[in-house]
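Here is a short briefing to read with the model open beside you. Please keep the viewer handy as you go.

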Amino acid sequence: GAVVSQHPSRVICKSGTSVKIECRSLDFQATTMFWYRQFPKKSLMLMATSNEGSKATYEQGVEKDKFLINHASLTLSTLTVTSAHPEDSSFYICSARRDKYEQYFGPGTRLTVT
Amino acid sequence: AQSVTQLDSQVPVFEEAPVELRCNYSSSVSVYLFWYVQYPNQGLQLLLKYLSGSTLVKGINGFEAEFNKSQTSFHLRKPSVHISDTAEYFCAVSEANTGNQFYFGTGTSLTVIP
């Protein structure tokens with residue numbers, strides 16, 4: 001149990017376009033989901049905390065207008081990168097919290113902006 | 001807030017040799033501690049976790065870790081590594097009882113040499 005999926009796994013888009021990444025908890029309900037960004041050879045950086053039915057809480061330095069997060073249901077959170085630029089290219093990972101102890105991570109989405 | 005330090009960015013080790021990956025944390029409150037493994041272009045897989053109780057924690061794939069509160073450490077060990085253990089390893093900490101935000105170390109790249 002406790003499986004989290006992400007879609008798509010890889011996406012290539014042109015500069016200036018928007019890209020939506022989905023994060024789903026497949027076998028449990030998650031009131032809280034998290035979005036991380038990982039640069040090559042670097043650790044995971046928390047971008048925002050997504051709570052079902054309310055606005056996401058963004059970490060300092062993360063542009064909320066650029067990285068739109070929606071947590072519409074207890075099993076789905078989406079991250080939309082608006083007007084993407086090459087510097088937004090990265091590996092994006094979501095996680096879902098099932099209980100207060102642990103987060104379950106998705107397999108990640110590789111975004112490449114050309 | 002909490003922070004995590006992984007002292008070794010890269011650890012090469014020969015196959016069947018023992019390995020220790022070091023992790024130290026800083027926190028003013030009680031914490032939960034985790035070790036995750038990440039294979040190339042994949043998400044994070046939980047190796048083991050410490051929530052409470054016995055300070056020696058056993059995880060998957062033959063890994064274990066020991067929580068040392070006085071030294072604020074949570075080092076990961078394996079007595080005999082395999083080629084398949086080659087991956088990136090992340091130590092993470094979260095605040096106990098809330099378990100909300102995870103703070104990750106910068107990762108240790110383990111390379112097992114045949």
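This is a predicted model: local features need pLDDT of at least 70, side-chain atom pairs count only at pLDDT 80 or more; totals for chains, interfaces and linings use all residues.

Residues are numbered from 1 along each chain as its sequence is written, chains are lettered from A and ligands numbered from 1 in the order in which they are written, and side-chain values use heavy atoms, with hydrogens and water left out.

**Chain A overall**

- Chain A holds 11 strands and 0 helices (helices are DSSP runs of H or I with at least four residues, strands runs of E with at least two, numbered from the N terminus).
- With a radius of gyration of 13 Å, close to the 13 Å that the globule rule gives for 114 residues, chain A is as compact as a globular protein of that length (the radius is taken over C-alpha atoms, and the rule is 2.2 Å times the number of residues to the power 0.38).
- The C-alpha trace of chain A spans about 40 × 25 × 20 Å along its principal axes.
- Of its 114 residues, 52% count as buried (buried is under 20% relative accessible area, exposed over 50%, partly exposed in between, with a 1.4 Å probe and protein chains only).
- Among contacts in chain A with a separation of 6 or more, 54% come from residues 24 or more positions apart (a contact means heavy atoms within 4.5 Å).

**Pockets**

- The largest pocket has a volume of about 380 Å³; a pocket is an open set of points on a 1 Å grid over the protein atoms alone, where a 1.4 Å probe fits, with protein on both sides within 12 Å along at least five of seven lines, and lining residues have an atom within 4 Å of a point.
- Volumes here are the space filled by probe spheres set on the points, which are joined across faces, edges and corners.
- Its lining counts 18 residues, and Lys41(A), Gln38(B), Pro40(B), Asn41(B) and Glu88(B) are the closest to the centre.
- β10(B) gives the most to this lining of the largest pocket, with 3 residues.
- The second largest pocket holds about 190 Å³, and of its 17 lining residues Phe105(A), Gly106(A), Gly43(B), Leu44(B) and Gln45(B) lie nearest its centre.
- β10 (103–105) of chain A, β5 (31–38) of chain B and β6 (44–50) of chain B each supply at least two residues of the second largest pocket's lining.

**Leu21(B)**

- Leu21(B) sits in strand β3 (residues 19–21) of chain B and is buried, at 1% relative accessible area.
- Leaving aside residues up to four places away in sequence, Leu21(B) touches Val11(B), Trp35(B), His75(B), Leu76(B), Tyr89(B) and Thr108(B).

**Backbone details**

- Most residues other than glycine have a negative phi, and most peptide bonds are trans.
- His7(A) and Pro8(A) are joined by a cis peptide bond, with omega about 0 degrees; Pro8(A) is in the loop between β1 (4–7) and β2 (10–13) of chain A.
- Ser83(A), in the loop between β8 (76–81) and β9 (90–97) of chain A, has a positive phi near 45 degrees and is partly exposed at 34% relative accessible area.
- Asn61(B) has a positive phi near 60 degrees, lies in the loop between β7 (56–58) and β8 (64–68) of chain B, and is partly exposed at 40% relative accessibility.
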